[in-house]
Amino acid sequence: MFFDKNSSSNIQPQSMAMKLIEQIGFDDACIVIYGILYTLFQDNSVMVVHKKVAQFVREEFDAAVGGDDFARNFVKTKCPDSSWYKGAMNEQAEFPIDQDGGPQQTLLAITAQMMQDDDVLAVKMRCTVVGFFYDAYKAAELNMKYQNRVPLTEAGIVMEVGERNKRINVLYANPKVREILGIRG
């Protein structure tokens with residue numbers, strides 16, 4: 001439920017993401033949001049998931065370069081090769097990742113709700129979560145390139161993504177996180 005931020009008679013509810021940040025910190029809250037979104041990419045084919053993640057990240061990067069300084073700098077730092085994502089929002093999408101209940105709309109809903117509390121933090125969270133997907137995408141690209149024999153110089157990326165997925169499971173087991181997310185059982 002949204003309330004008028006400027007009306008003194010309305011009590012503004014705190015967003016789920018802001019509650020997570022208060023309870024477990026910004027970094028872990030971003031990991032939880034990443035985990036929630038990751039479940040929306042599920043498919044029987046690993047290659048389809050990989051393509052969906054690539055489409056999602058490319059569209060998010062393309063949108064972010066039109067955003068504020070933080071978003072533009074994030075994209076420039078994360079992916080200096082703009083030819084990879086430029087124009088992605090205008091391309092015919094192979095997968096409906098921006099439909100209701102899809103990853104883009106879910107991330108938008110989470111961060112839009114946060115903007116009532118802290119718009120700068122909302123942008124930072126969106127960029128951070130998209131960055132996690134980009135890291136996972138790049139790790140998968142390396143795995144495919146080297147057929148699961150990743151050179152030691154690049155293994156840190158793969159290990160980091162693997163550790164992040166373990167942390168998601170641990171965080172989901174946390175009773176406070178489960179309460180904030182409304183997970184029962």
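Is E91 buried, partly exposed or exposed? With a relative accessible area of 40%, E91 is partly exposed; buried denotes under 20% relative accessible area, exposed over 50%, and partly exposed the range in between (1.4 Å probe, protein chains only). The model is predicted, and local features require pLDDT of at least 70, side-chain atom pairs count only at pLDDT 80 or more, and totals for chains, interfaces and linings use all residues. Residues are numbered from 1 along each chain as its sequence is written, and side-chain values use heavy atoms, with hydrogens and water left out.

**Figure 1. Overall fold of the protein chain.** The predicted chain contains 8 helices and 0 strands, in the order α-α-α-α-α-α-α-α along the sequence. Helices (H or I, at least four residues) and strands (E, at least two) are DSSP runs, numbered from the N terminus. Of the 185 residues, 41% are buried. Contacts are defined by heavy atoms within 4.5 Å; among those between residues at least 6 apart in sequence, 68% join residues at least 24 apart. The accessible surface is about 10700 Å², and carbon and sulfur atoms account for 53% of this area. Accessible areas come from the Shrake-Rupley method with a 1.4 Å probe, and for residues only the protein chains shown count as cover.

**Figure 2. The largest nonpolar core.** A nonpolar core is a set of buried Ala, Val, Leu, Ile, Met, Phe, Trp, Tyr and Cys residues joined through side-chain atoms within 4.5 Å. The largest one has 49 residues, of which V57, F61, W84, M125, V129 and F133 touch the most other members. At least two residues of this core are supplied by each of α1 (16-24), α2, α3, α4, α5, α6, α7 (152-173) and α8 (175-181). Helix α6 provides the largest share, 12 residues. Leaving aside residues up to four places away in sequence, F61 touches F74, V75, K78, C79, W84, Y85, V130 and Y134.

Figure 3. The structure holds 13 aromatic pairs. Rings of Phe, Tyr and Trp (its six-membered ring) pair if their centres lie within 6.5 Å; planes under 30 degrees apart count as stacked, over 60 as edge-to-face and the rest as tilted. W84 and Y137 form a tilted pair with 5.3 Å between centres and 40° between planes. W84 belongs to the loop between α4 (69-78) and α5 (103-114) and Y137 to helix α6, so this pair ties together parts that are 53 residues apart in sequence. Y137 counts as buried, at 10% relative accessibility. One aromatic cluster consists of Y34, Y38, F41, F56, F132 and F133.

**Figure 4. A lysine over an aromatic ring.** K124 lies over the face of F26, 4.8 Å from the ring centre. A charge sits over a ring if NZ of Lys or CZ of Arg is within 6 Å of the ring centre and within 35 degrees of the ring normal.

**Figure 5. Salt bridges.** The whole structure contains 4 salt bridges, each defined by a side-chain nitrogen of Lys or Arg within 4 Å of a carboxyl oxygen of Asp or Glu. In the bridge between R58 and E91, the closest N and O atoms are 2.9 Å apart. R58 lies in helix α3 and E91 in the loop between α4 and α5, so the pair ties together parts that are 33 residues apart in sequence. R58 is buried, with a relative accessible area of 18%. D135 and K78 also meet through their side chains in a salt bridge (2.8 Å, N to O). Their positions, D135 in helix α6 and K78 in helix α4, are 57 residues apart. D135 is buried at 17% relative accessibility, whereas K78 is partly exposed at 28%.

Figure 6. D69 and R72 form a salt bridge whose closest N and O atoms are 2.1 Å apart. Both residues lie in helix α4, 3 residues apart, about one turn of the helix. D69 counts as exposed, at 51% relative accessibility, and R72 as partly exposed, at 35%.
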